[in-house]
Amino acid sequence: MAHRRLQKGYVHVYTGNGKGKTTAALGLALRAIGHGCRVFMLQFMKGSKEYGEVQAAEKYLPDLVIVQSGLETFVDKDNPSPEDMRLAREGLELARRVIREGNYDLVILDEINVAVDFKLIPLEDVLDLIHTKPAHVELVLTGRYAHPAIIRAADIVTEMNLIDHPYYHGVEAREGIEY
Ligand code: ATP
Ligand code: MG
């Protein structure tokens, strides 16, 4: 496999209740692409092309591949639908394959921490994926409620701390900013 930009890939976790986890991962993607890296992002629990990053990647960024593995509707934590479960497991399978094949320098598993917290996918499988990844693949796991074992397994851990957000002042999600 000729394409290999990073010598050693680290594992990042972006968690916490403040805004900026998914967009931090996308910022890293942009930076990596600028240096010739190829980036794969799997978005768990999301299934809408409305996201600006999905449209931007399709239109302008051939080195950023984004696959969504979720429904357009929110997952009910206490009662996830069989379709939610199926899509999350399929997403994990695809992520595993993509990471193992090693053709992407940076792999972002967006909202995977929430998928684990909601029990859509097993914690053990995510830990296994972290521990068995090819050495050169940089891996980013985003989402609230990161499990302590995932945090322990990671090298770079950042918690976005909520101080304020327009949502708490009655402002709806804004196109181009929230999605
Ligand atoms: P972003 O995608 O903007 O980087 P995020 O990944 O940190 O945000 P998530 O926990 O994935 O945030 O939340 C998903 C959505 O909720 C996004 O549209 C995000 O902008 C918005 N959001 C993030 N933090 C908050 C918050 N504290 N209160 C309300 N909405 C939020
Ligand atoms: Mg997010």
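I started with the sheet: it is open, with six strands in the order β3-β2-β4-β5-β1-β6 and parallel pairing. For me, strands are DSSP runs of E of at least two residues, helices are runs of H or I of at least four, both numbered from the N terminus, and two strands pair if DSSP finds at least two bridges between them. The edge strands, β3 (64-69) and β6 (156-159), each pair on one side only. From one strand to the next, the twist averages 15 degrees; axes are lines fitted to C-alpha atoms (for helices over the stretch in contact), with angles from 0 to 180 degrees between N-to-C directions.

This is a predicted model, where local features need pLDDT of at least 70, side-chain atom pairs count only at pLDDT 80 or more, and totals for chains, interfaces and linings use all residues. Side-chain values use heavy atoms, without hydrogens and water, residues are numbered from 1 along each chain as its sequence is written, and chains are lettered from A and ligands numbered from 1 in the order written.

Next I checked one pair: β1 (residues 11-15) and β5 (residues 138-142) run parallel over four bridges. Valine 11 has leucine 139 as its bridge partner in β5.

Helix α3 (residues 82-101) packs on the sheet and touches β2, β3, β4 and β5, contact being heavy atoms within 4.5 Å.

Which residues coordinate the magnesium ion (ligand 2)? I found Thr22 (OG1) and Glu111 (OE), at 2.0 to 2.1 Å; donors are N, O and S atoms within 2.8 Å of the metal (3.2 Å for Na, K and Ca), and water is not among the atoms, so sites may look incomplete. Threonine 22 lies in helix α1 (residues 21-34) and glutamate 111 in the loop between β4 (106-110) and α4 (112-117), so the pair ties together parts 89 residues apart in sequence.
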